[in-house]
Amino acid sequence: MQVTTCTHARMSDANIGRAFTGDCSRWYDSRVQLHLPWTAPAPRPRVVTAGDHTFPVEVARHRLARRYILRVTAAGVVRVTVPRGASVAGGLAFATGQADWIAAEWARRSARTDWGSGTAVWYRGEQHRITCNDAEVACGPAVLPRQRASSGIRAAFQAQWRAEAAAELPGRCAALGQPHGLQPVRVQVRNQQSRWGSCSGQGSIALNWRLVQMPDDVADYVMLHELVHLEHPNHSARFWRRVAAVCPAWRTAERWLRMSGRDLL
Ligand SMILES: [Zn+2]
């Protein structure tokens, strides 16, 4: 399946309008993938699914390594170091076989970075300080019973917001595309670690649930961006002209994503 993804956060304004002829992988840079929300996978994405997460996998060779070494980064990337004589495919198979360990390691990392009273968290376009009392935990207008957060405040809000996103975003995305004749085959909401959205060659759009944390107009831009990929499966000048036509404020939204997007990950 051909997947079109977004890499344009790496493009300065000067780059926009320069021909970008369909090959997203030209913009792929594994060092950037760790940090930037808008990135594309390698032509054949290397991923491993563990628990309810899909992790991008990076394979590195090390001539002194005597065995496979697995690490889960704070950005949610699985890094496999492959010993001399072993193959990349072997490294991927090793990572896949360690899914339980990866899920546990990710849970441990997430627990360490749990939110507490006073943590600043984006929700619906504003940054709120988490407040807690014996009965409730609140992030601005989002309020949960305290017992829902027994295994972590962050996990509790994220589960809640992911459910909100699943209920809300597919319909909102279809409604945004409708006046422009941009109709996806389907819209799914996912827990992507490294992108805001993607559009497949088959006309299916996937959106990151974290869109509900953004300002509405930024989330709308992300959806319109993916909808325009239905017509232009690339980041060509024509693609960007069409984006500008359907979303005149797209540059402001891009700026928000560059400035604040990584706070959501
Ligand atoms: Zn894109």
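Two notes on conventions. Residues are numbered from 1 along each chain as its sequence is written. Because the model is predicted, local features need pLDDT of at least 70 and side-chain atom pairs count only at pLDDT 80 or more, while totals for chains, interfaces and linings use all residues.

Overall, the protein has seven helices and twelve strands; these are DSSP runs numbered from the N terminus, helices being H or I with at least four residues and strands E with at least two. Of the 265 residues, 33% are buried. Buried here is 20 or more other C-beta atoms within 10 Å of the residue's own, exposed is 12 or fewer, and partly exposed is in between, with C-beta atoms placed from the backbone. Among contacts with a separation of 6 or more, 51% join residues 24 or more positions apart; a contact is two C-beta atoms, placed from the backbone, within 7 Å.

Now the sheet. Four strands make an open, antiparallel sheet in the order β6-β7-β8-β9, where pairing takes at least two DSSP bridges between two strands. At the edges are β6 (120-123) and β9 (142-145), each pairing on one side only. From one strand to the next, the twist averages 30 degrees. Four antiparallel bridges link β6 with β7 (residues 126-132); Ala120, for example, has Arg129 of β7 as its bridge partner. Helix α4 (residues 153-177) packs on this sheet, touching β7, β8 (136-139) and β9, and its direction makes about 115 degrees with that of β9. Axes are lines fitted to C-alpha atoms, for helices over the stretch in contact, and angles run from 0 to 180 degrees between N-to-C directions.

Next, helix α6. Which residues of α6 (residues 237-246) are buried? They are Phe239, Trp240, Arg242 and Val243. Their arc around the axis is only 160 degrees, so they lie on the same side of α6; the arc is taken from the directions from the helix axis to the C-beta atoms. Arg241 and Ala245, on the other side, are exposed. The buried residues of α6 pack against α5 (216-228) and α7 (250-260).

Last, those two partners. The axes of α5 and α7 come within 9 Å and cross at roughly 105 degrees. The two helices are therefore roughly perpendicular, a label for angles of 65 to 115 degrees. Asp217, Val218 and Tyr221 of α5 meet Trp250, Ala253, Trp256 and Leu257 of α7.

Definitions and conventions:
Parallel < 35°, antiparallel > 145°, perpendicular 65-115°, else oblique.
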